[in-house]
Amino acid sequence: MGRTTLNQKLIGVVAATAAGRRAARTLAAAWPDEVRQYGGAGELRTAFEDCDAVVAFLAVGAAVRSLAPSLGRKSTDAAVVCVDEALRHAVAVLGGHHGANELAERVSAVLGCTPVITTASDAAGAQALDGYGADLGFRVENPELLAPVGVKLLSGAPVGVVGAEDWPLPALDIREGETEALISISDATEAEGLVYRPPSLVVGVGAARGVTAEEVLDAVDRALAAGGLSAASVARLASVEAKAGEAGILEAARRRDWPVVFHPAPELAAVDVPNPSSVVLAEVGTPSVSEAAARYDGPNRPLAELIVPKTKSVPDTGRAAMATAAVARLAVRGRLALIGLGPGARDLVSPRAVAELRRASVVIGLDQYLDQIRDLLRPGAEVRATGLGSEEERAKDAVETARSGRAVALVGSGDAGVYAMASPALDLFADLDDVDVVGVPGITASLAASNILGAPLGHDHAVISLSDLHTPWPAIVRRVTAAAEGDFVTVFYNPRSRGRDWQLGHALDIFRRHRPPNTPIGCVRDASRPGERAWISTLSEFDPADVDMYTVVLVGSSHTRVAAGRMVTPRGYTWSETS
């Protein structure tokens, strides 16, 4: 049947015993679109050949002996994870950096076992070289150097890195000293050391009707050679929409396994080029095809830098050239991850947040938040910690650093989009789309507090900050009044500080005009952190002096009640009850 070629990966699950088959069914239920179930050990090789990855409920030794004759290259073999009969361990056996390590983590999350990962870079918390830049499309030109250079890096020897500053790459732990090995990220033909080829080049192609694939590739190769550029770094071919059906261009792209895109003529006509042609303008509606198509990267995207101008093909016969090619280097897009760490407890930090923290080379945030997660960062990551009151400066620093091409993580507590760093950071972007932004959800303080208190957010609710540092107090009063009149359960952030000791009392006075005196009020201080304290009072008995900036206050609706010491807002009350 063969392995899938789509983004969806196929996982073969091999189980021989009753316990293994039960666990296999559990995985199939958890990942119904990914799992294909096989029988016992005799079907292990079949699963290995058919699937992208294999989970085998077999002993490691038995699995290795069975698969040994089928092993080829670790970059192309299926990843293999073995799980013991008692479901205690999920061991990444083959292809650790090609899916097995991640799969062991996933299996453990479903079955409740412990992942066992033995690859050296993972044990050291370092970035694995065989996966370096993989999500950016990097290709290793000389994979035989991965192991020796990786050993140098892990042993702390000085390793030089050239070109990494231009890409949003994870951190490498680089030591100073006389270089003992070299890593190059380059699209130039001449590159030294362990060479990664980034997908940095776009080749624009112009062609006459009926051009052959051979002539298109002749023009392309001449342009690349003129710039001393590697074909391995070509991200795509590009041309004008009028050439979308040109068989020679399509066949040339197919032969090199390059994507090909076709742009509207009006878009290309607006691109500044050194060699416009009135003849080309009359024919296809743009004064340039090859140069403009090489530079154009889509609406609102920066233009690529033209590095090889229009280059003609040289036909074997004396006829005129039928193809032209030009090469441009794409503007590197930085990466900005907006990460919410949750309310404070380590086990409430999401796996996606951990992955993005380890993906970043620069991590920016409030010092007390960064202190919580420094152990999660890659060795070599740059940490920029600042104190309270510098939110705008942190946001600006993160955006500017990402725009320079780096991989940046901007860290906050709770969820990054709720009273946190996402909004000031995103507000700094102009119309130009030059950074890839990744938002990582986090558990908010209101959700953490709600779960500690019971289920007070079981129906419609509002969240309001009582801090007037960013919002005028009259606007806050209008919002509090609307929440009270609408009978929303209301969560108050920033309820009281030394300099703001009256706002909470004023807000509760508004609620007292709309809610019965026995309305429950729940408070949680330091939710999910050491010293956590929670208590429930009522609107008539509540004392604002009991809370501070580390406290979340939840005011119930007229239907919220206390059951067995827990706040509950029922979901099922009807309009007739509230009218």
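This is a predicted model: local features need pLDDT of at least 70, side-chain atom pairs count only at pLDDT 80 or more; totals for chains, interfaces and linings use all residues.
**A chain in outline**

Biologist: How much of this chain is buried?
Modeller: Buried residues make up 48% of its 579 residues. Buried means under 20% relative accessible area, exposed means over 50%, and partly exposed is in between (1.4 Å probe, protein chains only).

Biologist: What size of box do the C-alpha atoms fill?
Modeller: Roughly 95 × 65 × 60 Å, along the principal axes.

Biologist: And how many helices and strands?
Modeller: The chain has 19 helices and 28 strands. Both are DSSP runs numbered from the N terminus: helices are H or I with at least four residues, strands are E with at least two.

Biologist: Pick a helix. Where does leucine 508 sit?
Modeller: In helix H18, residues 503-512.

Biologist: Buried or exposed?
Modeller: Leucine 508 counts as buried because its relative accessible area is 0%.

Biologist: How far is leucine 508 from serine 540?
Modeller: They are 32 residues apart in sequence. In space, their C-alpha atoms are 9.5 Å apart.

Biologist: Where is leucine 87?
Modeller: In the loop between strand E4 (79-83) and strand E5 (89-94). Leucine 87 is partly exposed, because its relative accessibility is 26%.

Biologist: What about serine 528?
Modeller: Its phi is also positive, near 70 degrees. Serine 528 is in the loop between strand E24 (520-525) and strand E25 (533-538).

Biologist: And valine 418, where is that?
Modeller: In the loop between strand E19 (407-412) and helix H15 (422-426). Valine 418 is partly exposed, because its relative accessible area is 34%.

Biologist: Last one: how many residues line the second largest pocket?
Modeller: 45 residues line it. Nearest its centre are Tyr369, Glu391, Tyr419, Asn494 and Met549. Elements giving two or more lining residues include helix H13 (367-373), helix H14 (391-403) and helix H17 (473-485). A pocket is an open set of points on a 1 Å grid over the protein atoms alone, where a 1.4 Å probe fits, with protein on both sides within 12 Å along at least five of seven lines; lining residues have an atom within 4 Å of a point.

Methods. Residues are numbered from 1 along each chain as its sequence is written. Side-chain values use heavy atoms; hydrogens and water are left out.
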